[in-house]
Structure formats: C-alpha cells, structure tokens
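Please read it alongside the sequence and the coordinates shown here.

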Protein chains: 2
Amino acid sequence: MTVSQAATTNSTSSAVDLLPIAQRTRAAAQALAPLPTATKNRAIAAIADALEAQSEAILAANAADCEAAIADQLAKPLYNRLKLDAVKLAGAIAGVRDVAKLPDPVGTVQLHTELDTGLELQRISAPLGVLGVIFESRPDAVMQISSLAVKSGNGVILKGGKEAVCSCQALVTAIRAGLEAAGVNPEAVQLLTTREETRAMLALEGYLDLIIPRGSNSFVRFVQDNTRIPVLGHADGICHLYVDQVADFEKAIQIAIDAKVGYPSACNAIETLLVHEAIAADFLPQLATALRQHGVELRGDALTQSILPDVTPATEADWATEYSDLVLAIKGVDSLSAAIAHINTYGSRHTDAIVTEDPEAAATFRSQVNAAGVYHNCSTRFADGFRYGFGAEVGISTQTMPPRGPVGLEGLVTYKYHLIGNGHIVATYSGETAKPFTHKNLLS
Amino acid sequence: MTVSQAATTNSTSSAVDLLPIAQRTRAAAQALAPLPTATKNRAIAAIADALEAQSEAILAANAADCEAAIADQLAKPLYNRLKLDAVKLAGAIAGVRDVAKLPDPVGTVQLHTELDTGLELQRISAPLGVLGVIFESRPDAVMQISSLAVKSGNGVILKGGKEAVCSCQALVTAIRAGLEAAGVNPEAVQLLTTREETRAMLALEGYLDLIIPRGSNSFVRFVQDNTRIPVLGHADGICHLYVDQVADFEKAIQIAIDAKVGYPSACNAIETLLVHEAIAADFLPQLATALRQHGVELRGDALTQSILPDVTPATEADWATEYSDLVLAIKGVDSLSAAIAHINTYGSRHTDAIVTEDPEAAATFRSQVNAAGVYHNCSTRFADGFRYGFGAEVGISTQTMPPRGPVGLEGLVTYKYHLIGNGHIVATYSGETAKPFTHKNLLS
C-alpha cells in the first residue's frame with residue numbers, strides 16, 4: 001500500500017484526522033535522521049535543560065492531574081505512577097542525560113562487501129522513521145521515550161493516559177522547547193491525549209513505522225489486533241521455573257522467592273514452578289514453607305496436592321494464567337522433556353529457567369525451550385534491558401522474530417543497503433559471458 | 001495467546017484440520033534445531049542424493065503436471081516455470097548441494113556480557129521453528145526452500161500450486177527419503193496441496209513462526225491481511241531511477257535500460273524515472289531513443305510531453321503502478337528534494353537509485369530516501385540475495401523493520417538470550433545495598 005492509499009484508508013476509517021500531525025512528524029523525523037551523534041546528544045542535553053527550567057510548571061501540572069485523580073478515585077497503583085515530585089522528576093531528567101551517553105544506534109556499518117571493482121555494498125543502520133508510543137498514567141515515560149527517539153533519529157507520536165493529560169502537556173512543552181533551543185524541529189515529538197486518537201493512530205500505516213504499547217495484556221492484544229503497523233511488546237508474561245532432578249534446593253528456593261515475590265506484577269516474574277517427581281516429596285515442603293513466609297498462595301496438581309495437602313487444586317486454566325500476584329502454580333513432571341513440553345505449550349516465549357547441577361540437562365533446556373530468555377540457575381527477573389547492560393529499554397518483545405526479549409535502542413533502528421557504483425549494470429554479470437562477482441568482505 | 005488457545009481458534013475457524021501435521025512438524029523441528037552443522041550438511045547431501053536417485057520419477061511426475069497444464073491452457077510463463085527437464089533438475093540439485101556450503105546461521109554468539117562474577121549473558125542465533133512457504137507453479141522452489149530450512153534448523157510446511165501437485169509430491173517424497181537416510185525425522189518437511197489448506201495454514205498461529213508467500217502482489221497482500229503470523233515478503237515493487245542535474249547521461253541511459261528492459265517483471269525493475277528539469281530537454285530525447293529501441297512504452301507528465309510529444313500522458317495512477325512490463329513512467333522534478341519526496345510518497349521502500357556525479361546529492365539521496373536499497377550510479381536490479389553475496393535468498397522484504405531487502409539464511413533465524421548463573425537473584429542488585437553489575441563485554 002502506498003502512502004496515498006494509506007491516507008485515504010485512514011481518513012475514511014476514523015473521525016479524528018491525524019494526517020496533518022503525522023505528516024509534520026514524518027517531515028521532522030526525516031530532518032532528524034541524518035543528524036550526527038553530537039548534534040543529537042546536544043538536543044538531548046537541551047531537553048534536559050528545558051525540563052529543569054520548567055520543573056515548576058511541570059510539577060504544578062502534575063499536581064492538577066493528581067487532584068483530579070483523587071476526585072475520580074483513581075486506583076492507588078495508578079495514582080502512585082502518576083504522581084511526580086521534585087526528586088522523581090530530577091531522577092527522570094538524569095535519565096534523559098544518560099541517554100546522551102549511550103552509543104548511537106544509527107550509522108553502524110553492519111556489512112561491507114565489494115561486489116566488483118568500484119561496486120560496493122554497505123548495510124548501515126538507520127532510524128525507523130516515526131514511532132507511536134501509547135502508555136498509561138506514567139508521565140516519566142514521556143521523558144524517557146522522547147530522549148530515546150531523538151537518540152535513535154526517530155520522530156515520535158506519544159499518546160498518554162487521560163489521567164496524566166496536564167503532566168504530559170507540560171512535559172512535551174518543555175521537550176519541544178529544548179529541541180527548538182538545539183535547532184531541531186520540535187514537530188519531531190507530538191502528544192495525543194484522547195482515546196479516539198488511539199484508534200486513529202493505529203490506522204496510520206505508512207506514517208508510523210512501529211507502535212510500542214505499554215499497558216495491560218488486554219490493551220496490548222487490542223493494539224496487535226487492530227493495526228497493520230508492526231507492534232513491539234508483549235501481551236502475556238507466563239514465565240516458568242523448572243526444578244530439575246539434580247537441583248541444588250537452596251538455589252532453587254532462593255530463585256523461586258526472587259522470581260515470585262520481589263515484584264509479582266512484573267512480566268518477568270514466574271507464574272508456574274515445575275518440579276521433577278523424583279525430588280518433589282523432599283523439595284516441595286521446603287519450598288512451600290519459604291514461599292508462604294512471603295505470603296505466596298500455592299496451587300498444585302495432583303502430585304503437589306499429595307505432598308502439600310493444603311494447596312489449592314490447580315486446574316488447566318492455571319497453567320495458562322499470568323497471576324501478576326503472590327500466587328504460584330506448581331506441577332510435577334516425570335522428565336526434563338515433559339518440563340520442556342509444558343513450557344512450550346503454556347509459556348509466553350518470554351523467559352524460562354532451569355535449576356540443575358547437570359550441565360547437560362541445562363544445555364538441553366536452553367536449546368529446546370522456545371523463549372527469548374533461557375536461563376540456568378538464576379532468576380527470571382534478570383530479563384530486563386538495564387540488567388542486560390543495554391542502558392535503556394524500549395520494551396520486551398515476546399515475538400519469535402527479532403528484536404526479541406528486552407529491547408534497547410537497537411529496537412528503534414532498521415538498516416538500509418547502500419550500493420555505490422560507477423555506472424554498473426547487472427547485464428555485465430549475466431548470460432554467457434557473465435563477469436563473476438568478487439564478493440570480497442571489506443569489513444575488518 | 002498460548003498454543004492451546006491458538007489451537008482452539010484454529011479448529012473452529014477452518015474446515016481443514018492441519019493441527020496434527022503442524023504438531024508433527026514442530027516436534028521434528030525441535031529435534032532438528034540443535035543438530036550440529038556437519039549433521040545438517042550431511043542431511044542436505046542426502047537430500048541431493050535422493051533427488052538424484054529419484055530423478056526419473058520426479059521428471060515423470062512433472063511431465064504429468066505439464067500434460068495437465070496444456071489441457072488446462074495454463075498461461076505460457078507459468079508453464080515455463082512449471083516445466084522441469086533433466087538439466088534444470090540437475091541445476092536445482094546442485095543448488096541444494098551449494099546450501100551445504102553456506103555458513104550455518106545457527107549458533108552465532110552475537111553478544112556475550114558478564115553481568116557479574118559467575119553470571120554470563122549470551123545472545124545466540126537460533127532457528128525460528130517452523131516456516132510456512134506458499135508458492136506458485138515453480139517446483140524448483142521445493143528443493144531450494146527445503147534445503148534452506150534444514151540448514152537453518154527449521155521445519156517447513158510447503159504449499160505448492162495445484163498445477164504442480166505431482167511434481168511437488170515426487171520432490172517431497174525424495175527429500176523426505178533423504179532426511180530419513182541421514183537419520184533426520186522426515187516430518188520436518190511437509191507438503192500441502194489444496195487451496196483450503198492455505199487458509200488453514202494462515203490460522204496456525206503458535207505453530208508457524210514465519211510465512212513466506214511467493215506469488216503475485218495481490219496474493220502476498222491477501223496473506224498479509226489474513227494472518228497474525230509474521231510474513232516475509234513484498235507486495236509491490238515500485239522502484240525509481242532519479243537522474244540528477246549533474247548526471248552522466250551515458251551512465252543514466254545504460255542503467256535505465258538495464259533496470260527496465262533486462263527483466264521487466266522482476267520486482268527490482270524500475271517503474272518510474274524522475275529527471276531534473278534542468279537537464280530534461282537534453283536528456284529525455286536520448287533516453288527515449290535508447291529505450292524505444294528496446295520496445296519500451298513511455299508515459300510522461302506535462303514536462304515530458306513538452307519534450308517528447310509522442311509519449312502517452314501519465315496520470316496520477318501511473319506513479320503508483322508496478323507495470324511489470326516494458327512500460328516506463330517519466331516525471332520532471334525541480335530539485336533533489338522533490339525527487340526524494342516523490343519516491344517516499346509512491347515508492348515501495350524496495351530499491352531506488354540516483355544517477356549523479358555530485359557525491360553530496362548522492363549522500364542526501366541515500367540518507368533521505370526511505371527504502372531497503374538506496375543506490376548511487378548503478379542499476380536497481382542488483383537488489384538480489386545472490387548478487388549481494390548471500391548465496392541464497394529466501395525473499396525480499398519491503399517492511400521497514402529488519403529483516404529488510406534481500407534476505408538470506410539470516411532471515412530464517414532468531415536469537416535467544418542464554419543467562420547462566422550459580423544461584424544469582426536480582427535482589428542482590430536492588431535496593432539500598434545493591435551490588436553493581438559489571439557489564440563486561442566478553443566478546444572479543
């Protein structure tokens with residue numbers, strides 16, 4: 001579909017017309033794309049400066065949002081994410097400055113091949129174009145995403161939650177002032193605020209190159225089902241811990257506590273623990289004691305019930321449920337391959353771990369489990385861009401195709417093949433008297 | 001969506017039940033995935049041997065298809081692609097053996113980081129799982145795709161055109177015999193033959209990891225619109241040649257002939273030539289003479305018509321049309337940026353070229369044109385996996401996200417993050433007394 005066709009589709013399928021905004025953002029992104037690293041870093045510094053200069057206005061806008069949220073009886077966790085104070089804002093601005101220190105993902109020469117004398121192919125990383133990011137109440141996401149977009153040479157259309165509308169507007173005003181001060185077209189960063197605009201945004205094929213939805217599983221699935229634009233994200237996060245026949249119990253228990261209790265609503269927390277039947281009678285009572293001290297409710301299959309008579313019986317639905325809470329399903333398996341089969345059936349292809357002292361079992365697990373993260377003797381909660389050393393995380397993808405798992409700045413770029421010749425034509429390399437290609441690797 | 005949910009969706013949404021086949025293929029693919037390079041290469045050699053041994057049966061099956069095709073008055077180009085003879089078959093079998101010589105795309109360590117003492121992260125390339133490949137009459141595609149699937153450790157479900165059903169069955173029989181002889185589960189390669197099965201295949205979310213449709217633009221778009229499985233391919237191929245103000249006319253004319261005349265139905269052939277107004281009066285008559293000698297019909301905008309009075313007037317629709325024939329649309333532009341704007345509006349993000357002696361104009365073109373291939377002084381028809389030196393091509397992708405452009409074996413793999421610890425938990429690295437990560441790059 002060409003851009004003009006996409007434009008027609010969009011304008012007929014939606015009452016809200018985002019085309020003018022989309023066109024302005026794309027034009028600004030096109031000017032941003034070729035900027036050298038130093039210029040982009042100066043723009044990021046200018047954004048941080050402007051956020052600092054406008055801190056008072058930002059905090060006042062956030063206070064207005066918070067007041068409205070209290071009147072609307074916003075749920076406590078959402079309210080906590082909405083609330084900005086001077087310390088939290090300063091931390092977020094420091095995060096913006098950190099983005100300037102990350103390596104520039106644009107302009108990397110990934111491949112350099114001489115096809116023939118004077119005909120050279122290079123594959124060079126390039127910005128995607130324009131990102132669409134949809135998030136809930138967290139106003140700090142505005143700062144993080146905008147700086148990541150600028151660093152990667154992309155424009156961005158932000159859609160914040162309506163409960164954070166004043167905060168987001170104040171933040172984007174500051175960010176655009178910073179861009180302007182650095183000589184970058186402020187149209188590269190846009191803010192949408194209404195629900196109708198979300199729908200219209202999903203129809204912007206040809207104008208948006210990637211959509212990053214941040215929110216509940218059902219919201220992410222809604223986005224995936226209602227757009228032809230690529231979506232970076234994960235709906236479910238059903239992670240498993242498999243405690244093998246030759247597991248070190250102490251490691252297994254510490255990892256289970258870390259992966260279930262530390263932050264149960266995280267997508268990298270475990271939902272199901274699989275245990276080899278041969279050790280279940282010894283291991284499960286120790287595990288149950290430890291987890292219950294942390295308030296974890298246990299649900300179990302028949303084997304687990306026979307060992308821990310007071311667990312809630314688990315049903316088929318439990319294996320496919322992301323509790324996001326202090327609940328853990330437990331199931332016995334009679335072999336490593338049964339554990340792998342269970343994970344490949346019910347898992348989210350996010351992160352799954354084995355606890356074992358048998359390196360061969362660990363290697364089989366890592367090879368056969370179909371997930372972005374395959375772990376041995378460590379907590380699934382390491383699945384995170386910061387912990388992986390990526391500096392910043394744009395999201396976690398549970399798709400099989402790359403980018404997969406925790407995605408850093410590299411998820412915001414693509415590449416182009418540059419071919420430079422001097423009048424070269426393919427006819428020279430075809431037919432009876434075809435000249436052979438040299439295909440010489442010029443990348444040292 | 002979990003596999004069990006996908007299964008339910010599938011069995012209700014389609015009359016044809018492909019689940020048993022899909023499950024057998026996935027199990028076989030899981031066993032294929034960890035095989036060492038030498039074993040996969042032996043299996044590919046065994047496939048070639050079996051194809052040779054069964055050549056007579058394959059050619060007889062093809063002869064039966066060809067006879068039916070003549071009776072059904074199959075279009076000549078389709079018939080030519082369907083027809084196998086001993087020479088063509090031997091060439092295809094040699095192509096199978098060549099796949100064994102390609103580097104193994106699986107098992108590459110892309111990243112190796114120490115997160116802390118004894119806690120190491122590796123990103124390692126891994127097979128996607130199971131591929132779904134849908135193609136028209138070409139039986140040679142069966143051999144090429146099956147060997148690429150084995151090399152990349154993937155299972156494959158092939159869906160051939162009904163006009164090639166006997167050929168495809170004979171080929172897959174030989175391929176599976178070869179796999180079996182090499183000790184590889186032959187269920188890794190499957191063949192479907194009916195149109196109903198195509199629909200059912202598109203619903204196999206959770207069982208198929210990538211769909212590669214080969215066929216007409218409308219067919220590729222149908223596939224993209226009717227599946228949630230990732231699709232590798234391109235619908236349109238509207239490629240441009242822009243002849244800049246300071247172009248070398250001789251290069252421009254030779255490139256235009258090569259890119260339009262050599263193989264006009266190729267997706268990397270040009271459909272529109274843009275010319276800077278300042279040189280149009282000098283350049284277009286020379287171009288027209290050269291192209292018309294090759295039987296090319298020219299269509300032009302008002303400027304072109306004023307210079308070449310006998311061209312067919314071009315309408316808005318011409319800029320968005322892939323002729324796949326000896327037709328070229330010509331348009332004058334008053335600047336490089338107007339050329340870039342036209343390409344970014346009407347192009348397919350496939351491959352676009354500039355002819356210029358001005359390196360700065362070339363650099364701007366390569367930076368600003370949004371396409372997988374951005375070329376300078378060479379023919380768009382170099383956009384091809386073999387010409388790029390990839391050895392084999394699984395397709396050309398016009399999506400913005402990677403893999404993009406001509407895709408070799410690397411398009412058939414993903415990666416997994418392997419994290420190996422010794423009881424490591426994230427609590428150690430959180431809170432007041434957080435231990436810092438080392439994030440040491442261990443990749444030399």
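Between them, chain A and chain B bury about 6800 Å², 54% of it on carbon and sulfur atoms, where buried area is the accessible area (1.4 Å probe) that two parts lose on being put together, summed over both. Met401(A), Tyr417(A) and Val426(A) supply 10% of the area that chain A buries against chain B, more than any other three residues. The model is a predicted one, in which local features need pLDDT of at least 70 and side-chain atom pairs count only at pLDDT 80 or more, while totals for chains, interfaces and linings use all residues. Residues are numbered from 1 along each chain as its sequence is written, chains are lettered from A and ligands numbered from 1 in the order in which they are written, and side-chain values use heavy atoms, with hydrogens and water left out.

**The interface**

With contact taken as heavy atoms within 4.5 Å, 78 residues from chain A and 79 residues from chain B take part. Across this interface 52 residue pairs are in polar contact, both residues being at pLDDT 80 or more; a polar contact is a pair of N or O atoms within 3.5 Å, and within protein one must be able to donate a hydrogen and the other to accept it, residues adjacent in sequence counting only if both atoms are side-chain atoms. Strand β16 (residues 413–424) of chain A contributes 12 residues, the largest share of the side of chain A that touches chain B, where helices (H or I, at least four residues) and strands (E, at least two) are DSSP runs numbered from the N terminus. β16(A) pairs in the parallel sense with strand β13 (residues 373–378) of chain B over 5 bridges, pairing being assigned if DSSP finds at least two bridges between two strands. Within this arrangement Tyr417(A), already named for its buried area, stands opposite Gly373(B) in β13(B).

**Salt bridges**

A salt bridge is a side-chain nitrogen of Lys or Arg within 4 Å of a carboxyl oxygen of Asp or Glu. The whole structure holds 38 of them over all chains, and the count between chain A and chain B is 6.

| Arg349(B) | Asp209(A) | 3.1 Å |

Arg24(A) lies in helix α2 (residues 19–32) of chain A and Glu187(A) in the loop between α8 (165–181) and β5 (189–192) of chain A, so the pair ties together parts that are 163 residues apart in sequence. Arg24(A) is partly exposed at 38% relative accessibility, a class that lies between buried (under 20% relative accessible area) and exposed (over 50%), with a 1.4 Å probe and protein chains only. In chain B, Arg26(B) of helix α2 (residues 19–32) and Asp209(B), in the loop between α9 (195–202) and β6 (210–213), tie together parts that are 183 residues apart in sequence, and both of these residues are buried.

**A covered strand**

In strand β4 (residues 155–159) of chain B, 5 of its 5 residues are buried. Gly155(B), Ile157(B) and Lys159(B) point one way from β4(B), and Val156(B) and Leu158(B) the other way. Strand β3 (residues 130–134) of chain B runs parallel to β4(B) and is joined to it by 5 bridges, with Gly132(B) standing opposite Ile157(B).
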